[in-house]
Every structure is written in C-alpha cells, then in structure tokens.
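Here is a short briefing on one protein chain.

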Amino acid sequence: MDRSIKVAIADDHKIFRSGVINTLIPYDNINVVFEADDGEHLLEIMRQQQPDVILMDLKMPRMDGIQATVKVKEKYPDVKIIILTMYEDDNFIVHMVENGANAYLLKNAEPDEIYEAICTTYEKGFYFNENVNLALLKKVLHKNKQHFKPTLKNDVQLNERELEVLKLICAELTTQEISEQIFLSPRTVEGIRQKLLEKLNVKNSVGLVLYAFRNGMIE
C-alpha cells in the first residue's frame, strides 16, 4: 500500500474511541486523523479534512450514525463508512448498507477484523464479514425477496460482459484482479463498473452486490 489510510472515529463514548485507537496503533498503514463524539461533530471536522474511512457508531446524541451516514455520503461519496455498533439486528444491517455504508461490524469484533475491514473497504469499496454480516444479509434479502421487484429481466438489460464483471465484484475482486481474470485493462473494467452503476441506479459496489442478491444472481 503506497500510503497510510486516514481513519476517523465517530462514537460518543471516549473510552471506546480510545480503545479502538489503541488497537490500531500496531498497524503502520493506519493513521487515525481525528475523533468525533457524534454526527454533527463529525461533519464539522470534515469541512476541514476528509478521512478515507470512518468508523461510525449508530446511537449518538444530536445526530446519530444513521443520519450522519446519509449526510456524509451526500457530501463526500468517496469516503468509506464502516458501521461499528452494538446493534446486530438484520434490519439495521440492510438499512445501513442500502444507505451507503460500506461495511457493518459489531463492537465485539476482534482488532484484526476491524483492521481487515478498514483495509478491504479502502481497497475494494466494501467488506462483508463472512460469518455474520454476509449470512445475515443473505438471509434477510432471500427471506424478503418477494417484497422486491426484480428488474434484471424487465427494464434493465445487462450484456454478458457486464454480468461477468458484476459477479466478480460480488466475489470481492478488485478492479486489477478482475482485469487479470477476464483479460481486460483496469480502465475498461472500471468503465464497465461505471456503466453498471448507471444502469442499476446504485451509488457504489455495495449497491451492485445488493442488486445481485435481490435478483438471485448469487447464492
């Protein structure tokens, strides 16, 4: 990795913030640039500097993590957000991912998982914990599939190459890895990804993954 990842923490408990910062100290490529005690404080600081990744609590005074996530994504769409919370309810996970969160972790996550989530989210655009988040996400989306109106076979048409790239994105491959696997330049792969975002009317790679789940394209 060429440079350190700038990380911010938004949580109203100073002891927890300090604990997270201490667990990240051993990692040379992580630079915690600032702390915020709620969503409003976070946005105030972000007027002056933007991190690469935010570790965001959900329950905070003044402006909670749900509102803050939406506002950050509106103003700074390239900033990655990892929800770090006590709430493991399926509805919270799906709601936050649909509103732009790039990952969702519980506060009892091991330090190495938090580190992995930061790096993966920064490099690939999203991180799903295989044992918790992805399982819960799949369960909820498949259980409620009848409530969603699939668009793949209706008003949205994807060609074979777009489908191929979409499935590889769902497999958490980076642009470079996809280009090597299907023998296209990284620029071409990124162009296909942008077309997918436009066609499916989603904001990021997480939205692409949700689309694929809802339309039964990945198990």
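Is Asn-201 buried or exposed? Asn-201 counts as exposed, at 70% relative accessibility; the cut-offs are under 20% relative accessible area for buried, over 50% for exposed and partly exposed in between, with a 1.4 Å probe and protein chains only.

This is a predicted model, in which local features need pLDDT of at least 70 and side-chain atom pairs count only at pLDDT 80 or more, while totals for chains, interfaces and linings use all residues. Residues are numbered from 1 along each chain as its sequence is written, and side-chain values use heavy atoms, with hydrogens and water left out.

**Largest pocket**

- The largest pocket has a volume of about 520 Å³. A pocket here is an open set of points on a 1 Å grid over the protein atoms alone, where a 1.4 Å probe fits and protein lies on both sides within 12 Å along at least five of seven lines. Points are joined across faces, edges and corners, and the volume is the space filled by probe spheres set on them.
- Its lining holds 22 residues, a lining residue being one with an atom within 4 Å of a point. Nearest the centre of the pocket lie Lys-80, Gly-125, Arg-193, Asn-204 and Ser-205.
- Helix H3 (65–75), helix H5 (111–124), helix H8 (175–182) and helix H9 (186–200) are the elements that give two or more residues to this lining. Helices (H or I, at least four residues) and strands (E, at least two) are DSSP runs, numbered from the N terminus.
- By type, the lining divides into nine charged, seven nonpolar and six polar residues. Asp, Glu, Lys and Arg count as charged; Ala, Val, Leu, Ile, Met, Phe, Trp, Tyr, Cys and Pro count as nonpolar; the others, Gly among them, count as polar.
- Why does the pocket lie between domain 1 (5–142) and domain 2 (160–215)? Both domains give residues to its lining. The domain bounds come from an automatic or database domain assignment.

**Salt bridges**

- The whole structure has eight salt bridges. Each is a side-chain nitrogen of Lys or Arg within 4 Å of a carboxyl oxygen of Asp or Glu.
- Arg-17 pairs with Glu-35, with the closest N and O atoms 2.7 Å apart. This pair links distant parts of the chain, since Arg-17 is in helix H1 (residues 14–24) and Glu-35 in strand S2 (residues 30–36), 18 residues apart. Arg-17 is buried at 8% relative accessibility, whereas Glu-35 is partly exposed at 28%.
- Arg-62 pairs with Glu-40, with the closest N and O atoms 3.2 Å apart. Arg-62 lies in the loop between strand S3 (53–56) and H3, and Glu-40 in helix H2 (residues 39–46), so the bridge ties together parts that are 22 residues apart in sequence. Arg-62 is exposed, at 53%; Glu-40 is partly exposed, at 31%.
- Glu-164 and Arg-161 meet at 2.8 Å, N to O. Both sit in helix H7 (residues 160–170), three residues apart, so about one helical turn separates them. Glu-164 is partly exposed at 33%, and Arg-161 is partly exposed at 35%.

**Annotated site**

- The UniProt annotation "modified residue: 4-aspartylphosphate", from an unreviewed entry, covers Asp-57. UniProt positions are given in the numbering used here, feature names are shortened, and annotations may be inferred rather than shown by experiment.
- Asp-57 lies in the loop between S3 and H3. Its relative accessibility is 5%, so Asp-57 counts as buried.

**Positive phi**

- Most residues other than glycine have a negative phi.
- Asn-201 has a positive phi of about 55° although it is not a glycine. Its place is the loop between H9 and helix H10 (205–214).
- Phe-183 also has a positive phi, near 60°. Phe-183 is found in the loop between H8 and H9 and is exposed, at 73%.

- His-13 is in the loop between strand S1 (5–10) and H1. His-13 is partly exposed, at 46%. Its C-alpha atom is 7.1 Å from that of Asp-37, 24 residues apart along the chain.
- Ile-66 belongs to helix H3 and is partly exposed, at 26%.
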